[in-house]
Amino acid sequence: MQTRYDYIVAGAGSAGCVVARRLADAGHQVLLLEVGSSDKSWILQMPAGLRSAFKPTSKYNWWFHTEPQKHLNNREIQQPRGRVLGGSSSINGMTWLRGHPLDYDRWQEEGAEGWDWASCLPYFKKIESSTVDSIYRGTAGPVGVQRQEQLSPLNAAFLEAGQEAGWPLTEDVNGYQQEGVSRFEMSVKKGVRNSTAFAYLHNMPARDNLTVWTGCQILKVNLQGTAVTGCQVKYKQQVLDVSADQETLLCAGVFGSPQLLMLSGIGPAAHLKEHDIDCQADLPGVGENLQDHLECHIQIETKQPVSLNRELQPHRMLWAGIQWFGAKAGVASVNQCHVGAFLNSSPETVHPDIQFHFFPVFFDKDWIPVPTTYGYRIGVGPMRPTSRGNVRLRSNKATDPLRIDPNYMATDEDWRVMREAMSLGLEAARQPAFKPYHYREDTPGIHIREGKAMDEFIREDAASAYHPCGTCKIGTQEDAMAVVDSQLRVRGVQNLRVIDASVMPSLPSANINAATIMLAEKACDLLLDKPALTEQAPAYFSRPAYTGQLSDQPAVNGEAPNV
């Protein structure tokens, strides 16, 4: 068993698969470590199978829970994460969104030098093979991305309702204009989920210089002084030291990467002492800055058999299976969220800070579709929460779960935006386009519209949208809470980088899987000392600064192209 490599990649998730592939493509000997199993299961490859992985019994899901959330009636909130090749890209909802250009300019302002929009856009284009052909998009990347052009009656009604409410229809939410209602894309190609395991490992030629160990528990990183030499792992019932001659790269995710740092003695000294861990590098920011998207749910029952719930009838499920296994076609070949919206919570908001996910499905608790009831759901929530939490060790054992505390809804601003999100969602639901499909309001209920009743509904209903990030954030040398520099190198330690969503200094204003893959591609050029991809970023839409009067004229970075 070979135990010496050029690079060790700890974690084969949304970022790790990308990093391992690109380093192997460059000719290096690479070891990719993953505690989960292979992703070669139809449950993961079939887009409609995603709910099968959202069960506490699924071997593909860590099924973490937060600490009791004091602002949400002390509820523990589910935090599912992928435990499989591809990580969360193998179990997520496959919604493919970039966020707004101003999100990445904000990263640079927060200390992530070289991570502004103009620097990130070429990598967004590099990773995708989109069916939307424009100067904003990539059409030859590893990850297949497509829209559902033929919309169901409920999805079409949502787009119409948004326009009836006065919101613009956006042609490409990942292009010139994010604001408005629009079709959403999905990381699916030819009827198959395009996780990073599929796109970067299985769908590219195998390489002898890329070794993958699944079922491998990473115990810690090994240090000689302040230099990392590799990892200690448990693999095939043996505890082994595996060595990296170049660098060790933590790609274990927003929870796994700070956990490995702390287990290795890299983190807040006082906290490490609590668990009898010798501090090798006192970095108080490890595990801090945790942030996540939270959403509440408006759900309507309809008597019309137009929702996806009808597809749960036995004969329809049989036909869907025949279509997918035979031709990778039919209702099982796509995800469940094909349309949505990005809106503004106030006139002062320069770019959207509220997101809607629309599902033509009536759900029971824990996102389980109900076979006997038709309906639809709008998930609404703030995109740039101001609440911050942390993750902390529960013990000094790698197999013990972390203490995860996002500290949801801890600020007045988050409450203001969530209330406005609910108000806008209810406004959409009462538009004429939905009238033929409205039988009964399931949640929040017709007597809940504002005030204490609405706040109590939020406290009881709010749930994670599954976009945690920030626990090993990028920052400048002057930022005491920064964990990595703009090259993603861990401060005070040699030969160690973190490459995953944990380094994001703040949340993008959208689902974050595309941003995580982009980040990994850009990090590989940094690792390999390759010139960064560059191009002149095209114009994008944002609102002008509010001066007390609304303007119909957008604030545009350059002239809007004819696309």
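These legends describe close-up views of a predicted model.

**View 1. The four-stranded sheet and its edge strand β5.**
The strands of this open sheet follow the order β5-β9-β7-β6, and their pairing is mixed. Strands β5 (95-96) and β6 (128-130) are the edge strands, each pairing on one side only. Strand β5 is joined to strand β9 (residues 185-186) by 2 bridges, and the two run antiparallel. Trp96 stands opposite Glu185 of β9. Thr95 belongs to strand β5 and is buried, with a relative accessible area of 11%. Beyond its neighbours within four places in sequence, Thr95 is in contact with Phe184, Glu185, Asn335, Cys337 and Asn511.

**View 2. The salt bridge between Arg137 and Glu185.**
Arg137 and Glu185 form a salt bridge, with the closest N and O atoms 2.8 Å apart.

Pro122 lies in helix α4 (residues 117-127) and counts as buried, at 7% relative accessibility. Pro122 and Ala532 are 410 residues apart in sequence, yet their C-alpha atoms are 9.0 Å apart in space. Leaving aside neighbours within four places in sequence, Pro122 is in contact with Leu533, Thr534 and Glu535. Glu535 also forms a salt bridge with Lys125, in which the closest N and O atoms are 3.3 Å apart. This pair links distant parts of the chain: Glu535 is in the loop between α12 (513-527) and β27 (541-542), while Lys125 is in helix α4, 410 residues apart. Glu535 counts as partly exposed, at 29% relative accessibility.

Strand β13 (residues 217-224) and strand β14 (residues 227-235) run antiparallel and are joined by 7 bridges. Leu223 has Val228 in β14 as its bridge partner. The hairpin of β13 and β14 has 2 residues between the strands, and Gly225 there takes a positive phi near 65 degrees. On to strand β15 (residues 238-250), β14 makes 6 bridges, again antiparallel. Tyr235 stands opposite Gln238 in β15. The hairpin of β14 and β15 also has 2 residues between the strands, with Lys236 at a positive phi near 50 degrees.

A disulfide is a covalent bond between the sulfur atoms of two cysteines. With a cut-off of 2.5 Å between sulfur atoms, the count for this model is 0 disulfides. The cysteine sulfur closest to that of Cys231 belongs to Cys216 and is 8.5 Å away, too far for a bond. Cys231 is buried, at 0% relative accessibility. Cys279 is in no disulfide either, as the nearest cysteine sulfur, that of Cys472, is 15 Å away. Cys279 counts as partly exposed, at 35% relative accessibility.

**View 3. Arg106 in helix α3.**
Arg106 is found in helix α3 (residues 101-109) and counts as buried, at 17% relative accessibility. Not counting residues up to four places away in sequence, Arg106 touches His351, Arg384, Ser506, Leu507 and Pro508. Arg106 and Arg83 are 23 residues apart in sequence, and their C-alpha atoms are 31 Å apart in space.

Side chains of opposite charge can pair when their charged atoms come close. In the whole structure there are 33 salt bridges. One of them joins the side chains of Asp479 and Lys473, at 2.9 Å from N to O. Asp479 and Lys473 are both buried. Elsewhere, a network of salt bridges links Arg21, Arg22, Asp25, Lys126, Arg207 and Glu521.

Leu318, Trp319 and Ile322 form a nonpolar patch on the surface, and their accessible area together is about 350 Å². Leu318 lies in helix α9 (residues 314-327). Leu318 is exposed, with a relative accessible area of 57%.

Conventions
Residues are numbered from 1 along each chain as its sequence is written. This is a predicted model: local features need pLDDT of at least 70, side-chain atom pairs count only at pLDDT 80 or more; totals for chains, interfaces and linings use all residues. Side-chain values use heavy atoms; hydrogens and water are left out. Patches are made of residues with over 30% relative accessible area and no salt bridge: like charges are joined within 9 Å, nonpolar side chains (Val, Leu, Ile, Met, Phe, Trp, Tyr) within 5 Å. Accessible areas come from the Shrake-Rupley method with a 1.4 Å probe; for residues, only the protein chains shown count as cover. A salt bridge is a side-chain nitrogen of Lys or Arg within 4 Å of a carboxyl oxygen of Asp or Glu. Buried means under 20% relative accessible area, exposed over 50%, partly exposed in between (1.4 Å probe, protein chains only). Contact means heavy atoms within 4.5 Å. Two strands pair if DSSP finds at least two bridges between them.
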